[in-house]
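Open the structure in your viewer and keep the selection tool at hand. The stops below tell you what to pick and what you will find there.

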Amino acid sequence: MNVMPTAVAITRAVSPSLAACELTHLNRVAIDIELARAQHRAYEKALIDAGCVVERLDTSPDMPDSVFVEDIAVVFDELAIITRPGAESRRRETAAVAAALAAYRPLHVIQAPGTVDGGDVLLVGRRVFVGLSSRTNEAAVVQMRQFLEPLGYTVVPTVVRGCLHLKSAVTALTDTVLLANRTCIDQPDFADFTIVDVDEREPSAANALRLHDRIILSASFPRTAERVARHGLRTELVDASEVAKAEGAVTCCSLIVESR
């Protein structure tokens, strides 16, 4: 039986230079590019199985981080924001992503001196949490408020500690339930939500990709996945070991554009 598409998932191919990626919190280790590509194909298949149409963009050796397409834009029902990434080396990634998204949403663009990575932006209902990190600053928050508050969104800046992005520390499982490593977030900012804590043996497990009928998590974190499943949520595990070496995770590798 054919599944009707629920969304377009924009992905980007694994660059042959992935091993030269930007790193902030991890030491550089060897990355198996062919394994990374195989895992990426399996990730895309998981998106297709969830009802998405995958639109994969090309890459090149001068864009080692480009598989992490989430950082280049933030997609809402009404518009998409093209970011100005905090790492200058990543700003060449924006043109192709903007061109792809222009087919689906009106675009707004973050301007200097604002910097923001999409991995620092967590949308939960009509609240937009923006992590203030080494990649995202207050000037970007001001611009995001100008774009979003007239549409009824509330933009909430919040502090990120001990990890690269806000969505390394907390992601949404539903509009009322979050998955989080509480040591990395300002807990009062998320007091209105039920928190599913990552397993203490899996401190990096808070990144989960919410799709319409399931939650995708890294296969490296089975104990945390069990905790998510106990909340009545369908879970699916994908192997993301190679992108994890580049400080990536499951939300990082796609931009989900919901059908309108």
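The tour goes from a sheet to a loop residue and then to the cavities.

**Before you start**

This is a predicted model: local features need pLDDT of at least 70, side-chain atom pairs count only at pLDDT 80 or more, and totals for chains, interfaces and linings use all residues. Residues are numbered from 1 along each chain as its sequence is written, and side-chain values use heavy atoms, with hydrogens and water left out.

**Stop 1: the sheet**

Select β6, β7 and β8. These 3 strands form an open sheet in the order β6-β7-β8, with mixed pairing. Strands are DSSP runs of E, at least two residues long, and helices are runs of H or I, at least four residues long; both are numbered from the N terminus. Two strands pair if DSSP finds at least two bridges between them.

Now look at the edges. β6 (121–124) and β8 (154–159) each have a single partner strand, so one side of each has no neighbour in the sheet. Neighbouring strands here are turned by 25° against each other on average, direction ignored. The angle is taken between axes, which are lines fitted to C-alpha atoms.

Zoom in on β6 and β7 (residues 127–132). They run antiparallel, joined by 4 bridges. Pick leucine 123: valine 128 in β7 stands opposite.

**Stop 2: proline 113**

Step back to the loop between β5 (107–109) and β6, where proline 113 is found. Is proline 113 buried or exposed? Proline 113 is exposed, with a relative accessible area of 60%. Exposed means over 50%, buried under 20%, and partly exposed in between (1.4 Å probe, protein chains only).

Show the contacts of proline 113. Leaving aside neighbours within four places in sequence, they are Arg84, Asn137 and Ala139; contact means heavy atoms within 4.5 Å.

**Stop 3: the cavities**

How many cavities of 30 Å³ or more does the structure hold? There are 2. A cavity is a set of points on a 1 Å grid over the protein atoms alone where a 1.4 Å probe fits but cannot get out; lining residues have an atom within 4 Å of a point. A volume is the space filled by probe spheres set on the points.

The largest cavity holds about 90 Å³. Select α1 (33–49) and α6 (241–244), the elements that give two or more residues to its lining. The largest share, 4 residues, comes from α1. Residues to show in this lining include His40, Tyr43 and Cys253.

Finish at the second largest cavity, with about 80 Å³. Among its lining residues are Glu22, Phe68, Arg135 and Cys252.

Terms used. Axes fitted to C-alpha atoms, helices over the stretch in contact; angles between N-to-C directions. 1 Å grid on protein atoms, 1.4 Å probe; cavity = no way out; pocket = protein on both sides within 12 Å on 5 of 7 lines; lining within 4 Å.
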